[in-house]
Amino acid sequence: MNRHEILKYAKSVHLALKGEPLPVECSGSDHPYEGHNIELIQSLVNGDLVKSQVRDYEKGIKSEMEAMYSTLMIGTPVKVTKGSKDKRGIEGFIIHAKEPLQGSGKALFVYDVLTHKNCMVRDSATKVRIPKPGERNRLTETYLACDSLAPHFTMGKEVTLKEVPNKEGFLVSNAEKKQQLDGYGFQEVAVQWKSGETTHHILTELNLK
Amino acid sequence: MTQHKQIILNTMREIFPNILPSLLQEARQAILTHLNMSKEDFGFYPSNKPKFDNLCSEAVKTLKATGEMSTNGWEWRWNGSVVSEVEAPTPNTNTSEMEMKMEVEEDLFGGLDIQTSNASLYDLTCEDTLIRLVATTHCFGKVVQSDPMCQGCPLFSQCSERKGESQQAKKQAKEAKEEALKIANEAGYDLSKVKVPKSAKIHETTQMESQSDTTCVVSNEPILKGEIAYHIPSWGVVKKSIGDAYKAMNNI
């Protein structure tokens, strides 16, 4: 049985046993079984086969990511391994790679679409990683959302921060991509909050009031 | 008496009233668990064999002499009457010459253990000695009747007995499997060529009333809603007769 057949059989066994469909745990992208819990599937159907299919899947995705990383392709998932405390440990995607102002290698702009942490690091301070399930979907959605929201985020509009909905402020710039990203990356805006501080955010972090 | 033996003796008096009767291996493990120690902590003989098992046997001998404990084959029993907190001397009027020699040697060398490698020197009528000897004989239970080495082994008869027991158990298991295969065959399923995945938890098989249509993982037949079937964890759902056969094969 291949992965598709195993999942189909696991769904049918779960339905026969519990009378309800196999629950979905996370987004289906970059997941061997379309986001369904792997341990649950292992307990329902041939566990050895499931284990080996998961291994093969991870092996395949790893080699795919390594090939992308070898050319520092935009959209490659990376982890920052060196640098300051703020940068080290960030697990994001390369959103732009360019020649650094000085030194060797390339300067990478890394963005984590799940936590919105971002930084610029030298490529030697990163290593390739396997994307989390659903993470690459989120990246694509973020690009699309920023493009479609950009015309609505204009200077003076009032906004709230999605993570802290009672944090209110207003835009002090129109939506635009950072100049140093040479047209890559996400549209972002500068927001002056009621507390007086000014910070930069990509559009998916904010709600228009 | 060595300090280690005294520790074991005290522990036995403390925990055995609660855990015995028990098989000797389990009881020994319980002592280690109680002391939060490992066999290694009790040291090794020059042959690299751990001393712990022998120390246990010596302690058991002491407890047997005081009447606090008795043994029956591999099983240790607690008799429940403590004679004295201090270890009673072992009045053994029938002490063999070999045992006396060992005691003298122990006194002479101040607790330094003497390795006696020649098995034939042991008195095999002594249950403790037999247990100790069996525990250190790795090939025990694998006798080859025609092998002169086996024929000359002091454990020959016990070894043959053990081999007979395990062969009997194997034979019974084989018969049960054949019987189950035959029943399954009569029901139209040839299970002899079915490869059961290592992950399959046949012992955790549960009977179920199918709440939806599914498929038998062995025969690929449909299992219809409402049908009684079995779910074998980490394998799949099987027809009732197939599940019954696997349960019989595994003595469930």
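**Entry 1: the model.** I am working from a predicted model, and its scores are ipTM 0.74 and pTM 0.59.

**Entry 2: helix α1 of chain A.** I looked up α1(A) and found that it runs over residues 3–18, 16 residues in total. From first C-alpha to last I get 22 Å, close to the 22 Å expected at 1.5 Å a residue. Just past the helix I noted A:Gly19, which has a positive phi of about 80 degrees.

**Entry 3: what α1(A) packs against.** I listed its buried residues, among them A:Ile6, A:Leu7, A:Tyr9, A:Val13 and A:His14. A:Lys11 and A:Ser12 are buried too. Within chain A, the buried residues pack against α2 (38–44) and α3 (47–70). From chain B, they meet β5 (214–215), β6 (222–223) and β8 (236–239).

**Entry 4: the contact between the chains.** I find 15 residues from chain A and 16 residues from chain B in the contact. On the chain A side, α1, α2 and α3 each give at least two residues. Which element gives the largest share of that side? I see that α1(A) does, with 7 residues. By type, the chain A side splits into 7 nonpolar, 6 polar and 2 charged residues.

**Entry 5: confidence in chain B.** I checked pLDDT here: chain B averages 79, and 83% of its residues score at least 70. Strand β7 (residues 228–232) of chain B is highest at 93, while helix α4 (residues 97–108) of chain B is lowest at a mean of 49. I also marked two stretches of chain B where pLDDT stays under 50: residues 83–97 and residues 109–119. Beyond four places in sequence, the model has 15 contacts for residues 83–97 and 13 for residues 109–119.

Conventions:
Residues numbered from 1 in each chain as written. Chains lettered and ligands numbered in written order. Predicted model: local features only at pLDDT ≥ 70, side-chain atom pairs only at ≥ 80, totals over all residues. Helix = DSSP H or I, 4+ residues; strand = E, 2+ residues; numbered from the N terminus. Expected span 1.5 Å × (residues − 1). Buried ≥ 20, exposed ≤ 12 C-beta atoms within 10 Å, placed from the backbone. Contact = placed C-beta atoms within 7 Å. Nonpolar A, V, L, I, M, F, W, Y, C, P; charged D, E, K, R; others polar. pLDDT = per-residue confidence, 0-100.
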